[in-house]
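Take a look at the structure first, and then we'll walk through a few spots.

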Amino acid sequence: MRSIWNGAISFGLVSIPVKLMNATENHSISFRQIHTADGGRIRYRKVCELEEKEVAPSEIGKGYEDADGSLIPITDEDLAVLPLPTAKTIEIVAFVPASAIDPLQMDAAYYLSANGVPAAKPYTLLREALKRSQKVALAKFALRGRERLGMLRVVDDVIAMHGLLWPDEIRTPEGVAPETDVSVREAELDLADALMNTLGEVELSSLHDDYRAAMEQLITAKVEGGVLPEAAPAEGGGQVIDLMAALESSVRAAQEARGAGVAGGEADGEDAEVTPIKGRKRAASAPKAAAGAKKSTTAAAKKTAAKKTTSAKSTKSAAATKKTAATKSTAAAKSTAAAKKSTPKKTTPRKHASA
């Protein structure tokens with residue numbers, strides 16, 4: 001990793017030689033300007049206005065433009081003699097909690113590396129002191145022609161420095177907030193909380209630049225003559241008419257995306273419940289619907305009871321009929337037997353043998 005600055009950290013009477021290296025890099029796809037008629041490259045040429053000719057970078061210096069338009073040359077030698085103690089020093093001025101730093105002040109990030117073997121001991125001392133105190137160091141340093149404000153903190157086993165904007169470089173948000181008085185109901189806040197809990201957390205390493213990937217695909221298709229990617233469907237926008245309905249839909253969509261189901265379930269071990277909507281027109285008809293449901297249930301219960309009673313009566317009637325038929329059959333049988341018994345038998349006259 002190439003260093004862009006060499007100097008030292010001033011930690012009280014302790015001086016720590018360090019090298020400064022960029023901690024971030026830009027992966028954006030850059031474009032060149034071209035002439036659309038023939039594809040020729042459009043370049044910016046640095047031309048002297050007095051001589052009207054292009055000049056080499058080695059002949060270009062710095063100059064301050066005064067109020068009357070005149071230019072005052074400023075050389076590197078002039079800058080070198082400035083009474084600036086932070087020209088080659090990262091001067092720590094205070095140790096504060098990390099929460100005291102406004103994220104709006106965050107600028108570029110750098111890694112600080114111990115410059116040489118003698119720097120290892122004081123470097124480690126400062127690193128461990130920052131870890132134990134759970135604080136960050138505020139420092140002043142000079143880089144690329146200006147003095148800057150920085151914040152030193154520990155990342156793994158390395159001291160990192162974030163460039164900070166000066167407090168007067170942060171603009172006040174005047175006229176940014178909505179000017180209309182808006183009241184938010186508890187039910188809306190409950191749904192917003194449910195949506196936040198359902199979405200949960202995310203691994204930052206899983207996020208990537210979709211625009212850059214699509215741009216690379218487009219460039220590859222242009223070079224190889226392939227099929228150009230189709231435009232993504234436009235997402236619905238515009239004015240939100242029913243905020244509660246939108247929140248409800250968002251919660252359900254998030255639950256489905258996380259496999260929790262529409263009716264509500266666990267998302268990473270936490271239940272995300274949808275708070276019933278209050279004060280809406282549809283909610284007003286709920287008691288009527290409940291009453292109707294109650295009546296319907298009662299009628300169904302009565303109908304079932306009546307059916308059971310009818311069935312029971314039918315069963316008893318069938319049993320009684322069967323019993324009566326059996327009784328009659330038995331009586332008929334007895335009567336027939338008695339009749340047979342009382343009927344005299346016919347005698348056949350015997351023939352006598354002759355003497």
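The residues lining the largest cavity split into six nonpolar, one polar and four charged. Here Ala, Val, Leu, Ile, Met, Phe, Trp, Tyr, Cys and Pro count as nonpolar, Asp, Glu, Lys and Arg as charged, and the others, Gly among them, as polar. This is a predicted model, where local features need pLDDT of at least 70 and side-chain atom pairs 80 or more, while totals for chains, interfaces and linings use all residues. Residues are numbered from 1 along each chain as its sequence is written, and side-chain values use heavy atoms, with hydrogens and water left out.

A search of the whole structure turns up one cavity of 30 Å³ or more, and the largest cavity holds about 70 Å³ of space. Its lining includes Asp-107, Tyr-110, Arg-146 and Trp-166. Strand 8 gives the largest share, three residues.

| Strand | Residues |
|---|---|
| Strand 8 | 106-114 |
| Strand 10 | 146-155 |
| Strand 11 | 158-164 |

Now for the outside. Tyr-64, Ile-72, Ile-74, Leu-79, Leu-82 and Leu-84 make up a nonpolar surface patch, with about 510 Å² of accessible area together. Ile-74 sits in strand 6, residues 71-74, and counts as partly exposed because its relative accessibility is 31% (buried is under 20%, exposed over 50%, partly exposed in between, with a 1.4 Å probe and protein chains only).

Gln-134, in the loop between helix 2 (120-133) and strand 9 (136-143), is exposed at 68% relative accessible area.

How values were computed:
Patches are made of residues with over 30% relative accessible area and no salt bridge: like charges are joined within 9 Å, nonpolar side chains (Val, Leu, Ile, Met, Phe, Trp, Tyr) within 5 Å. Accessible areas come from the Shrake-Rupley method with a 1.4 Å probe; for residues, only the protein chains shown count as cover. A salt bridge is a side-chain nitrogen of Lys or Arg within 4 Å of a carboxyl oxygen of Asp or Glu. Helices (H or I, at least four residues) and strands (E, at least two) are DSSP runs, numbered from the N terminus. On a 1 Å grid over the protein atoms alone, a cavity is a set of points where a 1.4 Å probe fits but cannot get out, and a pocket is an open set with protein on both sides within 12 Å along at least five of seven lines; lining residues have an atom within 4 Å of a point. Grid points are joined across faces, edges and corners, and a volume is the space filled by probe spheres set on the points.
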